Amino acid sequence: GQAQGLALQPYKATTPPDARRAALDYDAVRRIQFRQPQALWRGTGSPFEMHFFPVAGEYVVRALRLHEVTDGNVRPLVLPASIFDNDGVLPPEPAGAAALVAGWKLTYPLNDAGKRDEVAAFLGSNYFRALGQGQRYGLSARGVAIDTVGGAGGEEFPDFTAYWFETPKAGATEFV
């Protein structure tokens, strides 16, 4: 219903939440790291873990809306800014600040029980990658591309802006 409602409205480009973040170059963005011990669902018995990418750089300027669904109940997933180590690239966030999350990746021991594979990753407006069993890198793709041959309106891509994740149970083999 939300997607249908948005489709009926004119497109509204979003502005970067912080001009300092948008101005970061490639090397600075690479220095901002997700703190692995803070992976979502780590230590719950679930074989799945979720890691996050920060809003940073020229092309990754939109913060996502994330939601967690647990036993049929939906709640906004607001993560603390402390999930990222800014390595001095950005000023420290105030205590209690929420993280600006631009993407996420899901890990699971798909090909080797002793190793967590990155089975899916979504980053930026519409890039995603998925890994199948027996693959090393997986398939990279974008959402739908419109007017790729240079029509009057220019090339367009959809914006992935919100995600809903079901909390995986201990021993789960599927992710929703």
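Analyst: The accessible surface of the chain is about 10,900 Å², and carbon and sulfur atoms account for 55% of that. Keep in mind that this is a predicted model.

User: How many helices and strands does the chain have?

Analyst: There are three helices and ten strands. In order from the N terminus, the elements run α-α-α-β-β-β-β-β-β-β-β-β-β. The radius of gyration is 17 Å, close to the 16 Å that the globule rule gives for 176 residues, so the chain is as compact as a globular protein of that length.

User: What does the C-alpha trace span along its principal axes?

Analyst: About 50 × 35 × 35 Å.

User: And what percentage of the residues is buried?

Analyst: Buried residues are 34% of the 176 in the chain. As for contacts with a separation of 6 or more, 55% are between residues 24 or more positions apart.

User: Charges next. How many positive and negative side chains are there?

Analyst: The chain carries 17 positive and 19 negative side chains, with the centres of the two sets 3 Å apart.

User: Which side chain does Glu49 make a polar contact with?

Analyst: The side chain of Arg42, at 2.9 Å. Beyond four places in sequence, the residues in contact with Glu49 include Trp41, Lys105, Thr107 and Arg116.

User: Now Glu118. Which strand is that in?

Analyst: Strand E7, residues 115–123.

User: How does Glu118 count in terms of accessibility?

Analyst: As partly exposed, because its relative accessibility is 23% and buried would need a value under 20%.

User: What does the Glu118 side chain pair with?

Analyst: There are polar contacts to two side chains here. One joins Glu118 to Arg129 at 2.4 Å, and another joins Glu118 to Lys105 at 3.5 Å. Leaving out neighbours within four places in sequence, Glu118 is in contact with Lys105, Leu106, Thr107, Arg129 and Leu131. Lys105, Leu106 and Thr107 are also among the contacts of Glu49.

User: Last one. How far apart are Glu118 and Phe157 in space?

Analyst: They are 24 Å apart, C-alpha to C-alpha, with a separation of 39 residues in sequence.

Methods: Residues numbered from 1 in each chain as written. Predicted model: local features only at pLDDT ≥ 70, side-chain atom pairs only at ≥ 80, totals over all residues. Heavy atoms only, no water. Polar contact = N/O pair within 3.5 Å; in protein donor to acceptor, adjacent residues only side chain to side chain. Contact = heavy atoms within 4.5 Å. Helix = DSSP H or I, 4+ residues; strand = E, 2+ residues; numbered from the N terminus. Rg over C-alpha atoms; globule rule 2.2 N^0.38 Å. Buried < 20%, exposed > 50% of the residue type's maximum accessible area, 1.4 Å probe, protein only. Areas by Shrake-Rupley, 256 points an atom, 1.4 Å probe, with all protein chains shown as cover. Lys, Arg positive; Asp, Glu negative; His and termini not counted. Charge placed at Lys NZ, Arg CZ, Asp CG, Glu CD.
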